[in-house]
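Here is a short note for a colleague who is opening this entry for the first time. Please keep the viewer at hand while reading.

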Amino acid sequence: MLSLHPQLSSKNSLAHLLSIQDLPASILKNIIILANKYIDENFPTNKNLHGKTVANLFFENSTRTKSSFELASQKLGAHTISLNIATSSTAKGESLTDTVSTIVAMGADIVVIRHSESGALFSLLPIIKNTHIINAGDGGHEHPTQALLDVCTIGRHKQNDFPNLKVAIIGDILHSRVARSDIFALSILGCSDIRVIAPANLLPHNIEELGVKPYYDTKQGLQDVDVVITLRLQKERMQSSFIPDINEYYQKYGLDAHKLSYCAPNAIVMHPGPLNRGVEICTTVADGNQSVILEQVRNGIGVRMAVMDFLINSI
Ligand code: NCD
(Lines give C-alpha, C1' and ligand atoms only; values in the text may rest on other atoms or scores of the structure.)
Protein backbone atom coordinates (compact mmCIF):
# COMPACT_ATOMS: atom_id res chain seq x y z
CA MET A 1 0.00 0.00 0.00
CA LEU A 2 1.31 3.44 -0.88
CA SER A 3 1.82 5.85 1.99
CA LEU A 4 -0.30 9.01 2.01
CA HIS A 5 2.80 10.98 2.95
CA PRO A 6 5.26 11.17 0.06
CA GLN A 7 8.23 11.17 2.42
CA LEU A 8 7.27 7.99 4.26
CA SER A 9 7.68 4.42 3.03
CA SER A 10 4.79 1.94 3.00
CA LYS A 11 6.03 0.84 6.44
CA ASN A 12 5.87 4.45 7.65
CA SER A 13 9.64 4.80 8.01
CA LEU A 14 11.44 7.81 6.57
CA ALA A 15 12.02 7.41 2.81
CA HIS A 16 12.81 11.06 2.02
CA LEU A 17 13.06 14.24 4.08
CA LEU A 18 11.13 16.84 2.12
CA SER A 19 9.26 18.81 4.77
CA ILE A 20 8.69 19.00 8.52
CA GLN A 21 4.99 19.77 8.11
CA ASP A 22 3.95 16.15 7.50
CA LEU A 23 6.56 14.48 9.67
CA PRO A 24 5.19 12.18 12.39
CA ALA A 25 6.28 13.34 15.88
CA SER A 26 7.86 9.94 16.57
CA ILE A 27 10.22 10.24 13.58
CA LEU A 28 11.15 13.81 14.49
CA LYS A 29 11.87 12.82 18.10
CA ASN A 30 13.89 9.75 17.12
CA ILE A 31 16.07 11.81 14.76
CA ILE A 32 16.75 14.27 17.60
CA ILE A 33 17.61 11.46 20.04
CA LEU A 34 20.14 9.98 17.60
CA ALA A 35 21.49 13.45 16.73
CA ASN A 36 22.07 14.15 20.42
CA LYS A 37 23.98 10.89 20.73
CA TYR A 38 26.23 11.83 17.81
CA ILE A 39 26.74 15.33 19.24
CA ASP A 40 27.53 14.06 22.76
CA GLU A 41 30.04 11.57 21.36
CA ASN A 42 31.65 14.30 19.22
CA PHE A 43 30.61 12.76 15.89
CA PRO A 44 32.49 9.45 15.95
CA THR A 45 33.26 8.01 12.53
CA ASN A 46 31.24 4.85 11.82
CA LYS A 47 30.34 2.61 8.88
CA ASN A 48 26.56 3.12 8.85
CA LEU A 49 26.71 4.45 5.26
CA HIS A 50 29.66 2.29 4.21
CA GLY A 51 29.64 1.78 0.42
CA LYS A 52 26.84 4.33 -0.04
CA THR A 53 27.06 7.48 -2.14
CA VAL A 54 25.70 10.87 -1.07
CA ALA A 55 25.38 13.58 -3.75
CA ASN A 56 25.04 17.23 -2.80
CA LEU A 57 23.28 19.36 -5.42
CA PHE A 58 23.14 22.97 -4.26
CA PHE A 59 21.47 25.23 -6.83
CA GLU A 60 21.57 28.09 -4.29
CA ASN A 61 24.50 29.35 -2.24
CA SER A 62 25.39 27.61 1.00
CA THR A 63 28.18 27.57 3.55
CA ARG A 64 26.87 25.74 6.61
CA THR A 65 24.32 23.33 5.18
CA LYS A 66 26.46 22.04 2.31
CA SER A 67 29.64 21.58 4.31
CA SER A 68 27.87 19.92 7.21
CA PHE A 69 26.13 17.45 4.87
CA GLU A 70 29.56 16.67 3.37
CA LEU A 71 31.11 16.18 6.79
CA ALA A 72 28.17 14.17 8.12
CA SER A 73 28.20 11.76 5.15
CA GLN A 74 31.96 11.28 5.49
CA LYS A 75 31.62 10.59 9.23
CA LEU A 76 29.12 7.83 8.31
CA GLY A 77 31.61 6.30 5.88
CA ALA A 78 29.86 7.28 2.60
CA HIS A 79 31.37 8.47 -0.69
CA THR A 80 30.42 12.09 -1.28
CA ILE A 81 29.98 14.03 -4.54
CA SER A 82 29.33 17.76 -4.39
CA LEU A 83 28.31 19.17 -7.74
CA ASN A 84 29.56 22.64 -8.54
CA ILE A 85 26.38 23.99 -10.12
CA ALA A 86 28.10 27.03 -11.66
CA THR A 87 30.35 24.73 -13.74
CA SER A 88 27.80 21.90 -14.19
CA SER A 89 25.45 21.28 -17.10
CA THR A 90 22.80 23.37 -15.31
CA ALA A 91 24.72 26.32 -16.76
CA LYS A 92 24.02 24.77 -20.21
CA GLY A 93 20.27 24.68 -19.56
CA GLU A 94 19.85 21.18 -18.10
CA SER A 95 16.68 20.82 -16.00
CA LEU A 96 16.63 19.81 -12.34
CA THR A 97 14.95 16.51 -13.29
CA ASP A 98 17.63 15.64 -15.84
CA THR A 99 20.45 16.58 -13.46
CA VAL A 100 18.96 14.43 -10.69
CA SER A 101 18.30 11.51 -13.10
CA THR A 102 21.96 11.65 -14.14
CA ILE A 103 23.20 11.57 -10.55
CA VAL A 104 20.76 8.75 -9.72
CA ALA A 105 22.01 6.77 -12.75
CA MET A 106 25.49 6.97 -11.21
CA GLY A 107 24.13 5.11 -8.21
CA ALA A 108 23.61 7.86 -5.64
CA ASP A 109 21.85 6.49 -2.56
CA ILE A 110 21.03 9.91 -1.10
CA VAL A 111 20.66 13.17 -3.03
CA VAL A 112 20.73 16.35 -0.96
CA ILE A 113 19.16 19.22 -2.91
CA ARG A 114 18.87 22.96 -2.36
CA HIS A 115 16.79 24.74 -4.98
CA SER A 116 15.19 28.16 -5.39
CA GLU A 117 11.78 26.78 -6.36
CA SER A 118 9.35 25.99 -3.52
CA GLY A 119 8.18 22.38 -3.70
CA ALA A 120 10.52 21.50 -6.61
CA LEU A 121 11.69 18.31 -4.88
CA PHE A 122 8.24 16.70 -4.75
CA SER A 123 8.19 16.58 -8.56
CA LEU A 124 11.32 14.38 -8.50
CA LEU A 125 9.70 11.51 -6.62
CA PRO A 126 8.28 9.76 -9.73
CA ILE A 127 11.73 9.57 -11.36
CA ILE A 128 13.57 7.95 -8.46
CA LYS A 129 13.22 4.46 -7.07
CA ASN A 130 15.98 3.46 -4.69
CA THR A 131 17.37 6.90 -3.95
CA HIS A 132 16.48 9.02 -0.94
CA ILE A 133 16.01 12.78 -1.33
CA ILE A 134 16.79 15.32 1.37
CA ASN A 135 15.52 18.87 1.08
CA ALA A 136 18.33 21.27 2.00
CA GLY A 137 16.04 24.29 1.41
CA ASP A 138 13.48 24.78 -1.37
CA GLY A 139 12.66 28.42 -2.09
CA GLY A 140 10.49 29.94 0.62
CA HIS A 141 8.90 26.58 1.41
CA GLU A 142 10.91 24.51 3.93
CA HIS A 143 14.37 23.79 5.32
CA PRO A 144 13.80 20.60 7.33
CA THR A 145 17.33 19.90 8.61
CA GLN A 146 17.69 23.51 9.81
CA ALA A 147 14.49 23.10 11.83
CA LEU A 148 15.70 19.79 13.24
CA LEU A 149 18.99 21.32 14.34
CA ASP A 150 17.15 24.32 15.76
CA VAL A 151 14.80 22.22 17.91
CA CYS A 152 17.72 19.96 18.85
CA THR A 153 19.66 23.04 20.06
CA ILE A 154 16.63 24.44 21.92
CA GLY A 155 15.97 21.05 23.54
CA ARG A 156 19.57 20.79 24.75
CA HIS A 157 19.37 24.20 26.44
CA LYS A 158 15.81 24.01 27.71
CA GLN A 159 15.56 20.38 28.83
CA ASN A 160 13.16 19.53 25.98
CA ASP A 161 10.42 21.36 27.87
CA PHE A 162 8.74 22.48 24.62
CA PRO A 163 5.16 22.74 25.95
CA ASN A 164 6.28 25.41 28.45
CA LEU A 165 8.57 27.41 26.18
CA LYS A 166 7.93 30.82 24.68
CA VAL A 167 9.70 31.14 21.33
CA ALA A 168 9.94 34.27 19.18
CA ILE A 169 11.07 34.35 15.55
CA ILE A 170 12.02 37.85 14.47
CA GLY A 171 12.82 39.24 11.00
CA ASP A 172 11.89 38.40 7.45
CA ILE A 173 9.23 35.77 8.15
CA LEU A 174 7.61 36.21 4.72
CA HIS A 175 10.55 34.86 2.73
CA SER A 176 11.96 32.44 5.31
CA ARG A 177 11.79 28.69 4.81
CA VAL A 178 13.57 28.40 8.17
CA ALA A 179 10.71 30.19 9.95
CA ARG A 180 8.13 27.87 8.36
CA SER A 181 10.02 24.67 9.18
CA ASP A 182 10.82 25.92 12.70
CA ILE A 183 7.14 26.68 13.34
CA PHE A 184 6.13 23.18 12.20
CA ALA A 185 8.84 21.47 14.27
CA LEU A 186 8.10 23.48 17.42
CA SER A 187 4.35 22.83 17.06
CA ILE A 188 4.90 19.08 16.60
CA LEU A 189 6.95 19.09 19.81
CA GLY A 190 4.10 20.75 21.71
CA CYS A 191 5.22 24.37 21.86
CA SER A 192 2.07 26.51 21.91
CA ASP A 193 3.56 29.99 22.44
CA ILE A 194 5.27 30.73 19.14
CA ARG A 195 5.50 34.39 18.17
CA VAL A 196 6.57 35.95 14.90
CA ILE A 197 7.81 39.54 14.97
CA ALA A 198 8.21 41.61 11.80
CA PRO A 199 6.95 44.67 9.96
CA ALA A 200 3.52 43.97 8.40
CA ASN A 201 4.95 43.61 4.89
CA LEU A 202 7.34 40.85 6.02
CA LEU A 203 4.62 38.71 7.62
CA PRO A 204 2.49 36.37 5.46
CA HIS A 205 -1.15 37.55 5.77
CA ASN A 206 -2.34 34.06 6.81
CA ILE A 207 0.47 33.37 9.30
CA GLU A 208 -1.98 32.84 12.18
CA GLU A 209 -3.22 29.70 10.40
CA LEU A 210 0.12 28.12 11.36
CA GLY A 211 -0.82 28.56 15.04
CA VAL A 212 1.54 31.45 15.76
CA LYS A 213 0.88 34.93 17.10
CA PRO A 214 2.07 37.88 14.98
CA TYR A 215 3.61 40.98 16.57
CA TYR A 216 4.66 44.21 14.88
CA ASP A 217 6.04 45.58 18.12
CA THR A 218 9.36 44.01 19.13
CA LYS A 219 9.07 44.89 22.82
CA GLN A 220 5.70 43.13 23.13
CA GLY A 221 6.75 40.15 21.06
CA LEU A 222 9.97 39.50 22.96
CA GLN A 223 8.42 39.84 26.42
CA ASP A 224 9.65 36.93 28.59
CA VAL A 225 10.54 34.64 25.70
CA ASP A 226 12.95 31.76 26.38
CA VAL A 227 14.24 31.55 22.81
CA VAL A 228 14.67 34.21 20.15
CA ILE A 229 15.41 33.14 16.59
CA THR A 230 16.70 35.99 14.42
CA LEU A 231 16.46 35.89 10.63
CA ARG A 232 18.27 37.53 7.74
CA LEU A 233 16.42 39.75 5.24
CA GLN A 234 16.14 37.33 2.28
CA LYS A 235 16.79 39.95 -0.40
CA GLU A 236 17.27 37.28 -3.07
CA ARG A 237 13.56 36.41 -2.73
CA MET A 238 12.26 40.00 -2.69
CA GLN A 239 10.68 41.16 -5.96
CA SER A 240 10.88 44.81 -4.87
CA SER A 241 12.32 46.76 -1.96
CA PHE A 242 10.52 45.74 1.22
CA ILE A 243 12.77 47.79 3.46
CA PRO A 244 12.90 51.48 2.53
CA ASP A 245 15.32 52.36 5.35
CA ILE A 246 17.69 49.72 6.71
CA ASN A 247 18.66 51.85 9.75
CA GLU A 248 15.02 52.21 10.74
CA TYR A 249 14.58 48.43 10.32
CA TYR A 250 17.55 47.80 12.61
CA GLN A 251 16.21 50.27 15.21
CA LYS A 252 12.84 48.47 15.25
CA TYR A 253 13.70 44.82 14.60
CA GLY A 254 17.49 44.36 14.93
CA LEU A 255 18.29 42.36 18.08
CA ASP A 256 20.54 44.46 20.33
CA ALA A 257 21.28 44.23 24.06
CA HIS A 258 18.38 46.53 24.91
CA LYS A 259 15.77 44.47 23.01
CA LEU A 260 17.27 41.25 24.38
CA SER A 261 16.58 42.56 27.90
CA TYR A 262 12.81 42.15 27.23
CA CYS A 263 13.33 38.37 26.96
CA ALA A 264 13.59 35.99 29.93
CA PRO A 265 16.97 36.44 31.66
CA ASN A 266 18.35 33.10 30.46
CA ALA A 267 16.92 33.33 26.93
CA ILE A 268 19.03 31.87 24.15
CA VAL A 269 19.71 33.74 20.91
CA MET A 270 19.69 31.82 17.63
CA HIS A 271 20.30 32.55 13.94
CA PRO A 272 20.49 30.06 11.04
CA GLY A 273 23.26 32.11 9.39
CA PRO A 274 24.51 33.79 7.33
CA LEU A 275 24.42 36.82 9.65
CA ASN A 276 24.10 40.39 8.49
CA ARG A 277 25.53 42.14 11.54
CA GLY A 278 24.00 45.54 12.18
CA VAL A 279 20.84 44.62 10.21
CA GLU A 280 18.99 41.82 12.06
CA ILE A 281 21.40 41.41 14.98
CA CYS A 282 24.23 43.39 16.55
CA THR A 283 27.69 41.99 17.11
CA THR A 284 27.55 42.11 20.92
CA VAL A 285 24.45 39.92 20.96
CA ALA A 286 25.59 37.61 18.12
CA ASP A 287 28.86 36.93 19.95
CA GLY A 288 27.47 37.33 23.49
CA ASN A 289 27.05 34.69 26.17
CA GLN A 290 23.36 34.08 25.36
CA SER A 291 24.14 33.29 21.72
CA VAL A 292 24.08 29.64 20.64
CA ILE A 293 24.63 30.41 16.96
CA LEU A 294 27.83 28.40 16.61
CA GLU A 295 26.33 25.55 18.63
CA GLN A 296 23.56 25.41 16.02
CA VAL A 297 26.24 24.94 13.36
CA ARG A 298 27.90 22.14 15.35
CA ASN A 299 24.60 20.42 16.16
CA GLY A 300 23.78 20.48 12.45
CA ILE A 301 26.42 17.82 11.83
CA GLY A 302 24.78 15.44 14.33
CA VAL A 303 21.32 16.10 12.92
CA ARG A 304 22.45 15.42 9.35
CA MET A 305 24.25 12.25 10.40
CA ALA A 306 21.06 11.10 12.15
CA VAL A 307 18.80 11.90 9.16
CA MET A 308 21.02 10.01 6.70
CA ASP A 309 21.38 7.10 9.12
CA PHE A 310 17.56 6.87 9.36
CA LEU A 311 17.09 7.05 5.59
CA ILE A 312 19.54 4.26 4.84
CA ASN A 313 19.05 2.02 7.83
CA SER A 314 15.38 2.82 8.71
CA ILE A 315 16.32 2.73 12.37
C1 NCD B 1 19.21 29.71 5.70
C2 NCD B 1 18.71 29.30 4.34
O3 NCD B 1 19.48 29.06 3.42
O4 NCD B 1 17.51 29.21 4.23
N5 NCD B 1 20.56 29.45 5.95
C6 NCD B 1 21.02 28.20 6.25
O7 NCD B 1 20.70 27.23 5.63
N8 NCD B 1 21.84 28.10 7.31
C9 NCD B 1 18.83 31.10 6.03
C10 NCD B 1 19.34 32.22 5.19
O11 NCD B 1 19.85 32.03 4.09
O12 NCD B 1 19.20 33.36 5.62
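How many bridges pair strand S5 with strand S8, and in which sense, parallel or antiparallel?

1. Strand S5 (residues 166-170) and strand S8 (residues 227-230) pair over four bridges, in the parallel sense. Within this pairing, Ile170 has Thr230 of S8 as its bridge partner. Strands here are DSSP runs of E with at least two residues, helices are runs of H or I with at least four, and both are numbered from the N terminus. Two strands count as paired if DSSP finds at least two bridges between them.

2. A word on the source. This is a predicted model, where local features need pLDDT of at least 70 and side-chain atom pairs count only at pLDDT 80 or more, while totals for chains, interfaces and linings use all residues. Residues are numbered from 1 along each chain as its sequence is written, and side-chain values use heavy atoms, with hydrogens and water left out.

3. S5 and S8 belong to an open sheet of five strands, with parallel pairing and the order S7-S6-S5-S8-S9. Strand S7 (213-215) and strand S9 (268-270) are at the edges; each has a single partner strand, so one side of each has no neighbour in the sheet. Neighbouring strands of this sheet are turned by 20 degrees against each other on average, direction ignored. Such angles run from 0 to 180 degrees between N-to-C directions, with axes as lines fitted to C-alpha atoms.

4. There is also an open sheet of four strands, again with parallel pairing, in the order S2-S1-S3-S4. Strand S2 (79-83) and strand S4 (132-138) are its edge strands, and each pairs on one side only. Strand S1 (residues 53-58) runs parallel to S2, joined by five bridges. Val54 has Thr80 of S2 as its bridge partner.

5. Now the ligand. Residues around it (a heavy atom within 4 Å) include Thr65, Arg114, Gln146, Arg177 and Pro272. A side-chain N or O atom of His143 is 2.7 Å from a ligand oxygen atom. For Arg232, a side-chain N or O atom is likewise 2.7 Å from an oxygen atom of the ligand. Gly273 places a backbone N or O atom 2.8 Å from a ligand nitrogen atom. The protein covers 94% of the 320 Å² of accessible area that the ligand has on its own (Shrake-Rupley method, 1.4 Å probe).

6. Two backbone details deserve a look. Most residues other than glycine have a negative phi, and most peptide bonds are trans. The peptide bond from Gly273 to Pro274 is cis, with omega near -5 degrees. Pro274 is in the loop between S9 and helix H9 (283-286). Gln159 is not a glycine, yet has a positive phi of about 50 degrees. Gln159 lies in the loop between helix H4 (144-157) and S5.

Technical notes: A polar contact is a pair of N or O atoms within 3.5 Å; within protein, one must be able to donate a hydrogen and the other to accept it, and residues adjacent in sequence count only if both atoms are side-chain atoms.
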